[in-house]
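Subject: The model, and what turned up in it

Hi,

Here is the structure for you to open next to this email. My notes on it follow below.

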Amino acid sequence: MSRVVVFDETGGPEVLRIVDEPPGAPGPGEVRVRIEAFAVNRLDELTRSGRSPASVRLPRARLGCEGAGTVEVVGEGVSQFEAGDAVIVTAVPDMTAAGTYADHAVFPATRLIRAPEALSPTRAAALWVAYSTAYGALVEKAGMQPGDRVLITAASGTVGLAALQIARQVGAVPIAVTRHEAKRDALLAAGAAAVIATDTEDLVEAARRHTGGAGADIVIDSVMGPGLAQLAQAAKRFTGTLVTVGWLDPRPAPYPSAPVTTHRYMSFEHTLNPEAVRRIAAFLYAGLRTGALSPAVDRVFPLDAVADAHRYLAAGQESPGKIVVSTQAGA
Ligand SMILES: NC(=O)c1ccc[n+]([C@@H]2O[C@H](COP(=O)([O-])OP(=O)(O)OC[C@H]3O[C@@H](n4cnc5c(N)ncnc54)[C@H](OP(=O)(O)O)[C@@H]3O)[C@@H](O)[C@H]2O)c1
C-alpha cells in the first residue's frame, strides 16, 4: 500500500491525515515513483487552507507539487526511465488529484527529470520549485545579463535564496532585501553584493545608492502588497524590469506607476513544457556541479509529522531553506 496525505475539508494543518491506498499502476506514458522526500511550499499552505484561487478537489484532496524519489515501474511507451532511476518531480499542475505528499505516486514521464547524483533525496526535493521559479523569472522572463543589478525581495526565502545564487551564476549583481537588519550578515554570507534592510533604511533610496543612482535593472519580487509601488520606483526608469513571482503579503498591491516593464511569472509557464524543463535543468545542474547553486534544507520532518511541517511554515521558519518531509523510516 501507499501512504498518502489527504484532506477532506480546507482548514488548518490539523485537516491533514494519512491514508493507505493502492499504489496505482502506471498507464501508457506514465511512471510510478517511490517518493523519498517532498518539499512543503507556500502554495500547499494556500491550497490546504482554502485560500488558493485554484479549485480544490474535495474530499480526499492531495497536496504537493514537487518531490524526489526512485522510479519503481514504468508504463507502456516510456523509454527514458527504468526502474531504479533517481528522479525529481518537476510539475504537478493538478496537485489536489495527483500531489507528491505520498510515499508512492504515478506521474506522466514528461513531468520527471533525472536527479543529480550528488544530491540526497532530501536536497533534490528542495531544488525544483524554488530554483526553476527564480531561473524562469530572472533569465527567461527578465532576460538577466552579466552585470545586471538585481533587487531580490524576501531574499532569505527559498525563491529569494535561489535568485541570489542564480544571479551570481550568471555574473549579475544580487542586492538582497529583508525586513530585518538582523539578517544582513547571513544574506551577505549567502552571496548578496549588498543588503537592504527595510526596518532601518528606505528601500528606494538604498536601491539607488547601491546602483550608482540608476536603479535596479531587474527587480524580482516574492511579496507584492502595498510595497510594490516602491519596488517599481527602485527599478531603473524606462529600461528596468519588475517581475513578480509571489504574494507573501496578501494586502492589495497598487499597479506600479513608475515607467518600468512589468511581468507576472508563474513557473508552470515553463515547467509544463518538456523543452523548457530540459533547458532549465541543464542550467541548474551546471550550477550544482560548480557549486554556484546549493539548495538549502532548513528542517526535515517524518511523514507522520506532515501537519507539524505545515505548522512550522506558518509560524515563520527559524533559519533559511526548504522545509522537507521524508517518507523514509527513521527520518
Ligand atoms: N510564481 C511561481 O511559480 C512561484 C513558485 C514558488 C513560490 N512562489 C511564491 O513566491 C513566494 C515566496 O516563496 P518562498 O518559498 O520563497 O517563501 P518563503 O521561503 O516562505 O519566504 C520566507 C521569507 O519571506 C519574507 N516574508 C515573509 N512574509 C513576508 C511579508 N508579508 N512581507 C515581506 N516579506 C515577507 C521573510 O523574509 P524577511 O523576514 O527577511 O523579510 C521570510 O524569511 C510565495 O508567495 C510563493 O507562493 C511562486
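Before the sheet, a word on terms: two strands pair if DSSP finds at least two bridges between them. Helices (H or I, at least four residues) and strands (E, at least two) are DSSP runs, numbered from the N terminus.

This is a predicted model, in which local features need pLDDT of at least 70, side-chain atom pairs count only at pLDDT 80 or more, and totals for chains, interfaces and linings use all residues. Residues are numbered from 1 along each chain as its sequence is written, and side-chain values use heavy atoms, with hydrogens and water left out.

The sheet

Six strands make up an open, parallel sheet, in the order β10-β9-β8-β11-β12-β13. Its edges are β10 (194–197) and β13 (261–264), each of which pairs on one side only. From one strand to the next, the twist averages 20°. Strand β9 (residues 173–178) runs parallel to β10 and is joined to it by four bridges. Within that pair, Thr178 stands opposite Ala197 in β10.

Angles here run from 0 to 180 degrees between N-to-C directions, with axes as lines fitted to C-alpha atoms, for helices over the stretch in contact. Helix α4 touches β8 (149–152), β11 (218–221), β12 (241–244) and β13, and its direction makes about 155° with that of β11. Helix α7 (residues 203–210) touches β8, β9 and β10, at about 170° to the direction of β10.

The ligand

An oxygen atom of the ligand is 2.8 Å from a side-chain N or O atom of Lys183. For Arg179, the distance from a ligand oxygen to a side-chain N or O atom is 2.9 Å. A polar backbone atom of Val159 is also 2.9 Å from an oxygen atom of the ligand.

One loop to look at

Leu58 and Pro59 are joined by a cis peptide bond, with omega about -10°. Pro59 is found in the loop between α1 (42–49) and β4 (67–74). Arg60 is in the loop between α1 and β4 too, and its phi is near 55°, a positive value in a residue other than glycine.

Best wishes

Technical notes: A polar contact is a pair of N or O atoms within 3.5 Å; within protein, one must be able to donate a hydrogen and the other to accept it, and residues adjacent in sequence count only if both atoms are side-chain atoms. Contact means heavy atoms within 4.5 Å.
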